[in-house]
Amino acid sequence: MTDENIKVNNHIYKVKLNDQTKNYALRLKRLYQQGYSDMDSFDEVSAEISNTVNNLLKYTLSPDVKEEDMDEAVKQVLLMVEKIGKK
């Protein structure tokens with residue numbers, strides 16, 4: 001497990017990079033792909049996306065992420081997980 005920091009809108013968040021983080025990130029990417037490829041199930045998938053994002057932020061980042069920072073924080077965590085996967 002690794003801890004790293006990210007900066008979003010002048011707020012610093014500690015990111016716990018572990019298997020749980022990786023699993024949430026991979027699930028989120030799959031859900032995004034599913035949502036874009038199957039528009040008929042978008043409402044159902046969007047609820048799962050929201051739940052996964054909330055869990056990712058809750059269990060991966062501290063302190064609690066401010067609402068205005070959520071999108072950028074998720075993007076940065078996804079990029080971090082992607083970089084780790086390429087090593």
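Let me begin with Ile 6, which, leaving aside residues up to four places away in sequence, touches His 11, Ile 12, Tyr 13, Val 15, Leu 61, Ala 73, Gln 76 and Met 80. Please keep in mind throughout that this is a predicted model.

Ile 6 also belongs to the largest nonpolar core, which has 22 residues, and it is listed with Val 15, Leu 28, Leu 57, Leu 61, Ala 73 and Val 74 as those that touch the most other members. At least two residues of this core come from each of β1, β2, α1, α2 and α3, and the largest share, six residues, is supplied by α3.

That brings me to α3 itself, whose buried residues are Ala 73, Val 74, Gln 76, Val 77, Leu 78, Met 80 and Val 81; these pack against β1 (2-8), β2 (11-17), α1, α2 (42-60) and β3 (61-62). As for its length, α3 has 17 residues and at 1.5 Å a residue should span 24 Å, which agrees with the 25 Å that separates its end C-alpha atoms.

Finally, the largest pocket, which holds about 180 Å³ of space: the elements that give two or more residues to its lining are α1 (19-37) and α3 (70-86), with α1 giving the most, five residues. The lining includes Thr 2, Leu 17 and Asn 18, as well as Val 81, and Val 81 is also one of the buried residues of α3. What is the make-up of the lining by class? The lining has four nonpolar, four polar and four charged residues.

Definitions and conventions. Residues are numbered from 1 along each chain as its sequence is written. This is a predicted model: local features need pLDDT of at least 70, side-chain atom pairs count only at pLDDT 80 or more; totals for chains, interfaces and linings use all residues. Side-chain values use heavy atoms; hydrogens and water are left out. On a 1 Å grid over the protein atoms alone, a cavity is a set of points where a 1.4 Å probe fits but cannot get out, and a pocket is an open set with protein on both sides within 12 Å along at least five of seven lines; lining residues have an atom within 4 Å of a point. Grid points are joined across faces, edges and corners, and a volume is the space filled by probe spheres set on the points. Helices (H or I, at least four residues) and strands (E, at least two) are DSSP runs, numbered from the N terminus. Ala, Val, Leu, Ile, Met, Phe, Trp, Tyr, Cys and Pro count as nonpolar, Asp, Glu, Lys and Arg as charged, and the others, Gly among them, as polar. The expected span of a helix is 1.5 Å times one less than its number of residues. Buried means under 20% relative accessible area, exposed over 50%, partly exposed in between (1.4 Å probe, protein chains only). Contact means heavy atoms within 4.5 Å. A nonpolar core is a set of buried Ala, Val, Leu, Ile, Met, Phe, Trp, Tyr and Cys residues joined through side-chain atoms within 4.5 Å.
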